[in-house]
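Subject: Structure handover

Dear colleague,

I am passing on the structure below, and I would be grateful if you could look through it alongside these notes.

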Amino acid sequence: MIDHFYKVGTVAFDTETCSEDFGRYPEGALRKMSMQCDLASFATPDFRAWVVPIGMLTVQGMKADEFFPLIKGPMEDEGLLKLAWNFSFDAALFANYDVWISCYEDVMVKAHALDENKGAGLKERCADGGMTLRPYDFKSYWKARHLYRTMACDKKGNPKVLLNDLAPMEAEYVTYSGEDAMATVVLNPIYDAELDQNQKLKDMSHRLLNPSVRTIFNMERRGVPIDPVYLRVIERTCRDDMDAAERKVYATAGKHFNLGSTKDLGEVLYKDLGMPVFKTTEKGANSTDKATLEALGEAGYPIAIELLRHRRLAKLHGTYLDPQSGLRAAAYDWGCIHPNYNLTGTVTGRLSSNGPNIQQIPRSIPRTYNIRKSFIPHKGYRLVGGDQSQVELRVMAHMSGDQNMVEEYCKDEPLWRALNEGRDIAGLSKSDIHQRTATACNCHRNTAKNINFGLLYGMFAKKLAGILTSVNFQNCLKKGTHFDPLSDVVTPELAEEFITAFFNMYPGIRGYQDYISQKAKAQGYIETRYGRRRRLPDIYSGDRYLVLGACRQAINTTIQGHVGEMMLLSMCKADNTIDNPDGRALRKLGYRLFMQVHDEVLGECPDNDQTVQDVKHHLTRIFQNPGACTAAYPYAGYRVPLIFEAQEGPNWHEVH
């Protein structure tokens, strides 16, 4: 088998995994850092395939400690091209056995770059090669094998699962694994041929996406330590606050009921308390969703406010603080979480995450339960990270060329140069478009921030009014202050005044939005600056609202999609998977990047003051300079300076 790999020069590989402890982790096959191998399959472009059983009970195979030392040489060989569908997952399995794969391509990432609307699953994309893949019931097999291994018996004392029961399941499992590897090797030349027809996207695939796969793999392996003691303390506080909100709801309702039951809640709100009905569900029931409760809260009903507070705390508790399902459950025995980052999780190309989803961890929470404080460095290290200042607005200034916005951000040139050169920035300030909008619209900066981001992507007055009112209501809820319908409600008329003031300040943005909308209608798709396409089938719809929605998606893609590209490029440079002087310096200093959330990055370096300062300087140079300076675009390839604010601290909250 190995000789044939070298003969053809290319091999696709796939793995099927199992949990290290099914009783403790029924879904443990997805725990990358501890999953074990059931099957390893390989296929070559001449349509030959091999499946090596590792953990089977009825199929003859090899032991893990025999197989992985044999396969280590070819998998680490820089001269042999390895193809995978979801590289970071399969490579993680090999890494668990001390096999570190090099010279690779992720076929899934190519597929997603070519058509983001088809999904990233191998079964869905097999149609691109005229194939179909049979599904396999992993959970049933894992459970049956666990019952057999633990000699589980029924009430009569008979074994629940016999070895003969596993035989057909394992035979089908082996076939399934081989088909996965073969499908990967068949699809790869199809996608390569499509990329050959789009040189810009092909360059992006090779120069950005492929290095990003390695960067993400490295980040996932490093992991992020969490502080379990702090999490236990804030979990208790959160439960106390949930109980307090629950008691207030029961006191107002005059009885106990199931807060999780929409039926019971509807009866209490609309039948017992006689509240007005703002909305009904598709089945005709009175709605109790978040928007409805906010409307009731804005109308002055205290029970709605307490219900919203309880729901927010319950979601926070269940997602992050619950010992059975939160961060402590996601952590491995060595005290770290290892989130999965997905290059194919969004249509714009920005990263998403799961296991846990750290992208949704809020910046700040009322009282003492700030979850970000639980993210800490390894012993002997200090957290160092930072975020891009107003990066979406700066990218819009570059893309639109709006004179007023460009002039405002160009005032940051002294700060940009000082940060690049590592000089003292005392006395230097940065531009604040949010404050400028707040002044023009005579509103708070937080309101102006929502105006800027709403109008950046083509939001209309009615929608903007609803969002601003909701933001005001949520702020009152967090602060425990009274919501004033006279001053806190934003009417569509007032929102229209905000829109007029915004576009009077930045007329070039309106022109850019119109240009992108017309371009999307003419092409049926839109491209980011680096060449990623987003297809917009609704742009040709007969429904006016679908067309307007597609136009907003097109505008969003050109801005958020390019921000995602910039972040990926800078992360690859910081990890030195794209070789560069600052990346080499960071590696020498011992910097380890392990987290990315939207426009923020977080890593750690040895806990030495001089080392920390050097790391901050090199990080800043990388993230402020994604491109090369030109006469037209003097700020590292942009019309305006990009400002990166590097920080350090003992936990994530202190860094940002």
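Predicted model: local features only at pLDDT ≥ 70, side-chain atom pairs only at ≥ 80, totals over all residues.

Residues are numbered from 1 along each chain as its sequence is written, and side-chain values use heavy atoms, with hydrogens and water left out.

Lys 110 lies in helix α4, residues 107-114 (helices, H or I of at least four residues, and strands, E of at least two, are DSSP runs numbered from the N terminus). Lys 110 is buried, with a relative accessible area of 4% (buried means under 20%, with a 1.4 Å probe and protein chains only). Its side chain is joined to that of Glu 105 by a polar contact of 2.5 Å (a pair of N or O atoms within 3.5 Å, of which, within protein, one must be able to donate a hydrogen and the other to accept it; residues adjacent in sequence count only if both atoms are side-chain atoms). Leaving aside neighbours within four places in sequence, the residues in contact with Lys 110 (heavy atoms within 4.5 Å) include Asn 188, Tyr 191 and Asp 192.

Turning to the sheet, four strands form an open arrangement in the order β13-β14-β10-β15, with antiparallel pairing (two strands pair if DSSP finds at least two bridges between them). β13 (592-597) and β15 (644-649) stand at the edges, each with a single partner strand, so one side of each has no neighbour in the sheet. Between β10 (residues 381-388) and β15 there are six bridges in the antiparallel sense, and Asp 387 has Glu 645 of β15 as its bridge partner.

Conventions
Buried < 20%, exposed > 50% of the residue type's maximum accessible area, 1.4 Å probe, protein only.
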